[in-house]
Amino acid sequence: MFATVTSGAILGIQSYQVQVEVNASGGLPCFSMVGYLAGEVREAGERVRVALRNTGISMPPLHITVNLSPAHIRKEGTAFDLPIAVGVLIAMGELPEKSAGDMLIIGELGLDGAVKRVNGILPIVLAAAKRGCRRFLVPAVNAREAAAIPQADVCGVSSLQEVLLYLTADETERQHIFPYLKPDSSRSDKINEVPVPGNRQEEIDFAEIIGQESAKRAAIIATAGFHHLLLIGPPGTGKTMIAKRIPTILPPLTPEESLEVSSIYSIAGQLPSVPALLTGRPFLNPHYTVTEQALAGGGKLPMPGLVSLAHRGVLFMDELPECRQSVIEILRQPIEDKKVNIARVQGSFTYPADFLFIGAMNPCPCGYFPDQEKCGCSRRTIHRYLSRISGPILDRIDLCAEVMRMEAECLQAGRPGLSSREMRQRVEAARQIQADRFRGTAYSFNSDIRLKDMQQYCSLGKKETAMMRKVLEKMDVSARAYHRILKVARTIADLEESQDIKEEHLLEAVYYRMNDGKYWR
Amino acid sequence: MNQYANESIISSKTESEVNVIESNQVEKAKNNDQTQNDTDEYAAGNNLVNYAIYDELPYLYWLYSIDGFGRKTILVLETLLGSAKTIYHLPENDLKWLLNERQLRDFTGSRKRWDISGEYQKLKEKGIRFYPYAHPDYPATLRKIPDPPAAIYVRGRLPDPARRTVAVIGTRKCSGYGSTMAGQLGKALAQAQIQVVSGMARGIDGIGQRAVVEAGGRTFAVLGCGVDVSYPPENRRLYDRIMERGGILSEYTPGTMPKAQLFPPRNRLISGLSEAVIVVEAREKSGTMITVDMALEQGKDVYAIPGRLVDGLSGGCNRLIKQGAGVILSAEEFIWELGIQPHPDPAAADMAAELRKPENTEKLSPEERKVDGFLDYNPQSLSYFAACCPEIPLCRLTRILISLCLHDRAEQIGAGFYCRKS
């Protein structure tokens, strides 16, 4: 007898539907699986057979063929165990033929028949719901995650026994045994209280940082206009502290953004089972020994890398010049295109990677430049140190702020600085102005503005043009940097609720463009 | 004992030579430009010159280039055998009496490999002039120092003996103050037609020499490596310009790579070529102070630019002043002390006055003027300016600093560090 069960799989960030076709017929008893399968999928046959026996169903001596269609895409992972088991049961006649119709089944099986957690549930359910699928049979551990999609009727199961119970029951009984989970209605109230794994942002606040006003100012400008930021300062001055607090001044994730980010975490297997959706902005802080694959995404079928896990959040790289050159260069594409393309034999995979990049570094290897009394570095050592960050990367970083060593009396005086709440209010106000300005365009932030639209959004008056000409002449500013300065000035003008870009906005933008000019050469 | 006897012979011989050659120098000084023509040509027109030296040059070049031959060995050979040509043609058996086994191996090996005329031709093609001690153009000032080099190699030209020559030296890692002072001094000396000798090192040396070149003056760099090696590499452009405007000098064979132990000996040439040594900025224990010691040994005048007591980089200068070195308060005054120019008007001669540029502050706003007042030659951080002007909010302070940069008052040094523009 022939049976077909619907399941789903992930390819890159995209999800596609997989039909599990099972044919049971007479002949030499065997269990064969086809459909371009990876090792762990092939092993599913063994798991299914033992799990069925341990659930009390012995398999008759039949010739069973399983095909996972479409057969030209390589299948990986253990999520096909449960649909195969269900397909086999239908083909054997243990379950009614239509029992698994119009339903997406996914899950890994243990030898005892337990249904275990799988990765990537969220994007699979999301895509299937868009295709019109309504009912989902998923591992109980993943049920919350799947239930985040409002259109989905999700049933979480924890053993093969429960699956049998569910599939043999009729519609009314089913409702009774396993009431469908609904999205957590209280979610919107708890926004920003749910941290991304490893990121407890509710406990930290910018008010804890004493002084460092210029770095804080740069943080506001950076988050308001989505400009990438480089923090420069001696060791132990709070560069990491500042970077860690930047998510606290970013506006909370919108529900769509939350779904997007959660999908990526789901694929990476990093989504906590409760609560299912991430609401806090991701903050990633990889060590500088990070590899290219870990950053961009690696594997035969690539898993999302750190740049994608930082999507809609902050990617913070401390000690940037200590990173391998090739690792830094990898950041070029995501910073420019807000996504990362990874080519493999299987095809080209695109992951979103729209993050705010925060880099931190010392001004020189010993950290004390330009204090000649303390700095032991020669000009050449400093140059070599700085030149580890290549021009193309520097060009893409709009803002550069210094983090100063604080004198003891300053630290003790303890005049509290701006708090995260105040800063976020200003950021949100500036973002609102941008949202109004860019309504109906492809842009969402000032940093996105392309060259052809510069005239429209960043036009200067006569006085300002004359001043910028002077800047170009005197401050050794490149043409590309010039446009970046204009965009930052636009954000500063937005922060000060000014319609036009004025001289003072330009001057401040020039100040934060330290990564140009002779300091770097 | 034998060796010492040889040395005394040498010194008596060289002294008599010095007299002959110095009279040459006087005559030569009259038509200095001619010196720059090919030496052979020039020599043909000068009857006083010992022609034999020009035949000797290729052989001397070979002799001085033998690996593993120290100056002592060469001195012994020269004293006993007279000319390098004789040494070159000496049969191996005769050399056995003079050289030990290792030296003999080096000697014969080098003689086999070396193409006498070809190598000298190559040297000439590279534009390197070779002046052994006996050469009439060998700088007279160097003959007077206690330990004159056996030969010097020159790219460009030799210092003009008719002009005054001063060394400007200092630390490699200098402060903003030091670099400003070196620049000012270099410019002023160039304008007074004074030749500046230095080491083309990073920091003060290079900055001073660059200023001389930019002001159109003459400057000479004494290197601690071969003259065809541009070290430090970042001064490559300066090297080229010094070669055009003055000369690159070294006592080391061309192609010698820079080594730490080669630098202190070259310092004696920097002071040896000059009549006075100016120390711009130096720590109390530093290579610059080695040069100062050598200058004192050679009986040269030493001058220092004073600095603040708290500033370690000026420690050496202040110590020198305490010990009685000349104090430089203005370049003009120093030039007057050399007897070149009339005594300057004290008001105009204030070296720092021009830098303060009070006339330019009129264009500035009151706040800008206030911040301008806190600018220093040592870079200061934004937080320093914020502490000095607490009434100015930070975002305005950043704007003021950039505005001051645009007015040529300030300059960015590091991230968030600003100093007065020189």
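**Cysteines, a proline and a helix in chain B**

User: Is B:C174 buried or exposed in this predicted model, and what is its relative accessible area?
Analyst: The model is a predicted one. Buried means a relative accessible area under 20%, and B:C174 is therefore classed as buried, with a value of 13%.

User: How many disulfides does a search of the whole structure find, and how far from B:C174 is the nearest cysteine sulfur?
Analyst: The search, which covers all chains, finds zero disulfides. B:C174 accordingly belongs to none, and its nearest cysteine sulfur, that of B:C419, lies at a distance of 11 Å.

User: Where is B:P258 placed, and how far is its C-alpha atom from that of B:P232?
Analyst: B:P258 sits in the chain B loop between strand 6 (247–250) and helix 14 (263–273), and is partly exposed, with a relative accessible area of 26%. Among the residues it touches are B:Y231 and B:F263. Although B:P232 is 26 residues away along the chain, the two C-alpha atoms are separated by 8.9 Å.

User: What distance separates the end C-alpha atoms of helix 11 (residues 176–191) of chain B?
Analyst: Helix 11 of chain B is mostly covered, since 13 of its 16 residues are buried. At 1.5 Å a residue, those 16 residues should span 22 Å, and this agrees with the separation of the end C-alpha atoms, 23 Å.

Key:
Residues numbered from 1 in each chain as written. Chains lettered and ligands numbered in written order. Predicted model: local features only at pLDDT ≥ 70, side-chain atom pairs only at ≥ 80, totals over all residues. Heavy atoms only, no water. Disulfide = S-S within 2.5 Å. Buried < 20%, exposed > 50% of the residue type's maximum accessible area, 1.4 Å probe, protein only. Helix = DSSP H or I, 4+ residues; strand = E, 2+ residues; numbered from the N terminus. Contact = heavy atoms within 4.5 Å. Expected span 1.5 Å × (residues − 1). Lists of a residue's contacts leave out its neighbours within four places in sequence.
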